[in-house]
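Colleague: I have a model open and would like to learn how to read it. Can we go through it feature by feature?

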Amino acid sequence: MKVLLALLVLGILVVALFLRSYVPFWNWACARQRAVKRWVVREVRRRRHNLALRHAAPLLAEAEDVLPRAAADRVPPGRSLTPEWVVRWWYAAQISVPLSVLMFALIAVFVWNAEVLFAARPQAANSEQAVPNPWRSLVEPVFALPGAVQAWEGPADAFEGLRSVLVVLVAAFLVPLAVRITAVISQRPEQRERKAQLRKRREKYANDYWRCWPVVVLVLAAVECAREYKQLDTAAPGGDVPRVSLRAVERVLWQAPRTRRGKARVHQERVTKVHIARVVGALRAAEAQQDSDPKEALQDLTVMLLTIAERYAEGKVSQLLDEDQIGDAEQVIHREHLRVVAVGGAVVLIMTGAALAGLPEAALTALLPVAVLVAVMLLYRVKGPTPSQLTDLVIPR
């Protein structure tokens, strides 16, 4: 039995080697593999696209129902990219959300077991081997440099110093030369074509989950404004006035240059930040008019939000609104960094006070997440999309 099994394995290996060396069969096998791969990729993309359309359909259907009445043809013409970007966000969320959950679980497991992973193991009593200190090996040459300079004696040490200076001068000459040669070579037609293909590939596999999220938030806010505008016609006199909050919109607007365009030069970033500050000021001015003239305020907010969403999708982060829409609105100062510092300082003060009060270690461990949550809630005031807005993505009101 063992001999037959060995002969069978040997025969399979011989046939596999023969087929591997037989060029027509190998070409046919590679072609079939590529065809199967294309079919699988095409089928997966088709199913993901259908699922994205099914999830985005409720929000888009309600937008088509309530937005035309509130906007009243006041939205500047564009390329109508907003519905497409909502679908793109759902398409990317099918991969990004499970990966984010998995990453969060891995980080939680890592933090939970950090003490076991990084705890210093006690050294055996009979061990005489000294453990080298990596920080000392890095710091000692720096502190020894002045002594080495003072101990120069004779021409040999001087020549060693001149060699170092010569190496620096040669590098200062060769590095710009290499940069210029590379810049010239990159302008060749084949290099330009290769760079264009790489750029298309990066754009193809870009993370639309973060890039398209501002459009989703803007559409949610616009639909909420249009919904309140529609309800004002049927509301009884003396009823509650609408209360549409744009906190989530302001947050995505401050991050719009980073999510849509990426990094840019300093002067370009400065112009974009000034424009976004004015746009946020215009939104706040329109939001404040909900008490005095709610219908006009809701209509203005709907038009502005839809315009911003379309301009963002087109990549015009420095022209989200026209000058006549912004008017004389004041710039809003972005204090996000100050809030982060305030949260960190509040948490440190709370934990320090608890430690000085003599709380046990178990109580301090339980107090840390509570302190972080309380500080974030007090300083950010529930910053981000509300649960009702997230529910509207799937089930509209």
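Predicted model: local features only at pLDDT ≥ 70, side-chain atom pairs only at ≥ 80, totals over all residues.

Colleague: Which secondary structure elements does the chain have, and how many?

Modeller: There are 17 helices and zero strands. Of the 397 residues, 27% count as buried.

Colleague: What share of the contacts links residues 24 or more positions apart?

Modeller: Take the contacts in the chain with a separation of 6 or more. Residues 24 or more positions apart account for 79% of them.

Colleague: How should I read a nonpolar core?

Modeller: Start with the general idea. In soluble globular proteins, nonpolar side chains tend to be buried together. Now this case. The largest nonpolar core has 62 residues. Val249, Leu253, Leu283 and Leu305 touch the most other members.

Colleague: Which helices supply at least two residues of this core?

Modeller: α2 (23-71), α3, α9, α10, α12 (266-288) and α13 each do. The largest share, 13 residues, comes from α9.

Colleague: Which residues are in contact with Leu253, leaving aside its neighbours within four places in sequence?

Modeller: Ile276, Val279, Val280, Leu283, Ile308 and Leu320. There is also a second, separate core of six residues. Met351, Ala354, Leu364 and Ala375 are among them.

Colleague: Back to α10. How many of its residues are buried?

Modeller: Six of its eight residues are buried, and the helix is mostly covered. The buried ones are Ala248, Val249, Glu250, Val252, Leu253 and Trp254.

Colleague: Glu250 is on that list. What is its relative accessibility?

Modeller: It is 11%. The cut-off for buried is under 20%, so Glu250 counts as buried. Glu250 lies in helix α10, residues 247-254. It touches Val280 and Arg284, not counting residues up to four places away in sequence.

Colleague: How do I check the length of a helix?

Modeller: Take helix α13, residues 294-314. At 1.5 Å a residue, its 21 residues should span 30 Å. The end C-alpha atoms are 30 Å apart, which agrees.

Colleague: Why is α13 described as largely enclosed by the rest of the structure?

Modeller: Because 17 of its 21 residues are buried. Look at what comes after it, too. α13 is followed by Gly315, whose phi is positive, near 90°.

Colleague: Where does Ile326 lie, and which residues does it touch?

Modeller: Ile326 lies in helix α14, residues 323-326. It is buried, with a relative accessible area of 4%. Not counting residues up to four places away in sequence, Ile326 touches His275, Arg278, Val279, Ala282 and Leu321. Ile326 and Met304 are 22 residues apart in sequence and 9.3 Å apart in space, C-alpha to C-alpha.

Colleague: Now the rings. How many aromatic pairs does the structure hold?

Modeller: Five. For each pair, read the distance between centres and the angle between planes. Trp89 and Trp90 are edge-to-face, at 5.1 Å centre to centre with 75° between the planes. Both are buried. Trp89 and Trp213 form a tilted pair, at 5.2 Å centre to centre with 35° between the planes.

Colleague: Why does the pair of Trp89 and Trp213 tie together parts that are 124 residues apart in sequence?

Modeller: Because Trp89 lies in helix α3 (residues 82-112) and Trp213 in helix α9 (residues 213-234). Trp89 is buried, with a relative accessible area of 7%. Trp213 is buried too, at 17%.

Colleague: Which residues form the aromatic cluster?

Modeller: Trp89, Trp90, Tyr209, Trp210 and Trp213 form one cluster.

Colleague: Which charged residues sit over rings?

Modeller: Here are two cases. The charged end of Arg48 sits over the ring of Tyr91, 3.8 Å from its centre. Arg88 lies over the face of Trp85, at 4.6 Å from the ring centre.

Note on methods. Residues numbered from 1 in each chain as written. Heavy atoms only, no water. Phe/Tyr/Trp six-rings, centres within 6.5 Å; stacked < 30°, edge-to-face > 60°. Buried < 20%, exposed > 50% of the residue type's maximum accessible area, 1.4 Å probe, protein only. Helix = DSSP H or I, 4+ residues; strand = E, 2+ residues; numbered from the N terminus. Lys NZ or Arg CZ within 6 Å of the ring centre and 35° of its normal. Contact = heavy atoms within 4.5 Å. Expected span 1.5 Å × (residues − 1). Core = buried A, V, L, I, M, F, W, Y, C linked by side-chain atoms within 4.5 Å.
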